[in-house]
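Biologist: I am new to this one. Could you take me through it step by step?

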Amino acid sequence: MAAALGVADEAVAFAAELVRIPTVNPPGDAYADAAQAIGDRLARGGFAVSILPAEGRPEHTPRYPRPNVLGVLEGHAPGPCLHLNGHFDVVPPGDGWTVDPFAGAVRDGRLYGRGACDMKAGIAAAVYAAEAVRRAGVRLRGRLEISGTVDEESGGFAGVAWLCERGFIARARTDYVIIPEPFGAQRICVGHRGVWWFEVTTHGRTAHGSMPFLGVSAIDQMAPILEAVRRELKPALEERMTRMPVVPEGSRRATLNVNAVSGGQAGEAVQTPCVADRCTAIFDRRFLPEEGLESARREMHELLERVRGRVPGLRYELADRMVVHPVETPPGSPLVAHLSGAIREVCGRGATLVASPGSYDHKHVARIAGVEQCVAYGPGLLELAHQPDEYCDVADIAQATRVLALAIVDLCGVAGG
Ligand SMILES: [Zn+2]
């Protein structure tokens, strides 16, 4: 598709324009501007555009509205519905930048800025892939949809989850979903491991800090739990490897991260001498589809009971904070086959199938909408996401735009063709 070459520069320029809209989440800045910019571009390409604020979600407030944008392009004959979705929120820039994170500068073949790869380049590639198809004069069958959504970085509940709950993405209307997250122009992401966030709280009894023997420290009670996690649980997890092609390789194993520990008085508060009567540790456990949630839970319960056997008087509670089950595009998926074909045609080499170390909006598409045919495919390097000096290679944007243009034609089909 020669027209796709012509739009590559425009795709890069549009990605830069989106980087210059500082859609930082939290709190959810400038969302309306980003939704408008994407909507305007889609409308120019002939899409019927709706701005869809996430009514009913608590995080959708007058100060920080949560507008999603959806463009619908009806085909010229019946056929499948392909939905391309990208989140336009970005994480805060953080420290360590040598360039302005919101200038959208292109230098040495790279677009720099927060969200350059995760995932404003992906949104631009989707929008300009559709534009390339239009300029080539292709009359598509079915329906092509492109959405820009909020809050993926904070769970996607007002974004893709909301679109799925309201039926904008649904098994009855949506055949294929492609999410252009930054897995690179030659890699197709077919899912992710499960996520179990939980917290363990230990209880002590407070006393004056000068006479700590009169109380029981909840922090001292937490210490053997953390030690058992480090010495007993983590080595066991490292032995387990999923068949899913998770990248990087280390994330093919079951993992656990102690995300936070807090006990006693808050560090920033004025301190008074007291024995801590409460300590909470928050854990981020990534479980394999082969393990499942229940066995991960059982294992943690058993560990806590073992520690209780060794620590007299230990009182603890274990509580869930969040669960995301693993998702996986079914083997033999026609979506993967078509996209692989497009990658081979554009890049001259076959696609590599990967799975994501972390979860992303695929989970909502699979679990809420019930759409199994979902993958992530988009420009950029995953490792640069959320980093200082985030960038996306301009060449990657051009390749992904061409691949997506071919995939749109293949998946929707050509009317009268
Ligand atoms: Zn992302």
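Modeller: Here is a short tour in questions and answers. This is a predicted model: local features need pLDDT of at least 70, side-chain atom pairs count only at pLDDT 80 or more, and totals for chains, interfaces and linings use all residues. Residues are numbered from 1 along each chain as its sequence is written.

Biologist: Which strand gives the most to the side of domain 1 that touches domain 2?

Modeller: The domain assignment, whose bounds come from an automatic or database source, gives domain 1 as 2-192 + 326-412 and domain 2 as 195-322. Eight residues from domain 1 and eight residues from domain 2 form the contact, where two residues touch if their C-beta atoms, placed from the backbone, lie within 7 Å. Helices (H or I, at least four residues) and strands (E, at least two) are DSSP runs, numbered from the N terminus. With three residues, the strand that gives the most on the domain 1 side is β14 (residues 352-356).

Biologist: Is helix α3 largely enclosed by the rest of the structure, or largely exposed?

Modeller: A residue is buried if 20 or more other C-beta atoms lie within 10 Å of its own, exposed if 12 or fewer, and partly exposed in between, with C-beta atoms placed from the backbone. In helix α3 (residues 116-135), 19 of the 20 residues are buried, so this helix is largely enclosed.

Biologist: How many nonpolar residues are in the contact of α3 with α9?

Modeller: The residues of α3 that meet α9 include A121, Y128 and V133, and their partners in α9 include I397, L404 and V409. Ala, Val, Leu, Ile, Met, Phe, Trp, Tyr, Cys and Pro count as nonpolar, Asp, Glu, Lys and Arg as charged, and the others, Gly among them, as polar. The contact of α3 with α9 has one polar residue and no charged ones, and its nonpolar count is 15.

Biologist: What is the crossing angle of α7 and α9?

Modeller: Two packed helices are described by the angle between their axes and the distance between the axes. Axes are lines fitted to C-alpha atoms, for helices over the stretch in contact, and angles run from 0 to 180 degrees between N-to-C directions. The axes of α7 (residues 334-347) and α9 (residues 394-412) come within 8 Å, and they cross at roughly 135°.

Biologist: Where is P248 found?

Modeller: The peptide bond from V247 to P248 is cis, with omega near -10°. P248 itself is found in the loop between α5 (218-238) and β10 (255-263).

Biologist: Does D108 count as buried or exposed?

Modeller: D108 is found in the loop between β4 (106-107) and β5 (110-112). Its phi is near 50°, a positive value in a residue other than glycine. There are 8 C-beta neighbours inside 10 Å, so D108 counts as exposed.

Biologist: What does D389 count as, with 16 C-beta neighbours inside 10 Å?

Modeller: D389 has its place in the loop between β15 (374-376) and β16 (391-393). Although D389 is not a glycine, its phi is positive, about 55°. With that neighbour count of 16, D389 is classed as partly exposed.

Biologist: How far apart in space are Q36 and Y360?

Modeller: Q36 is found in helix α2 (residues 31-44). In sequence, Q36 and Y360 are 324 residues apart. In space, C-alpha to C-alpha, the separation of Q36 and Y360 is 23 Å.
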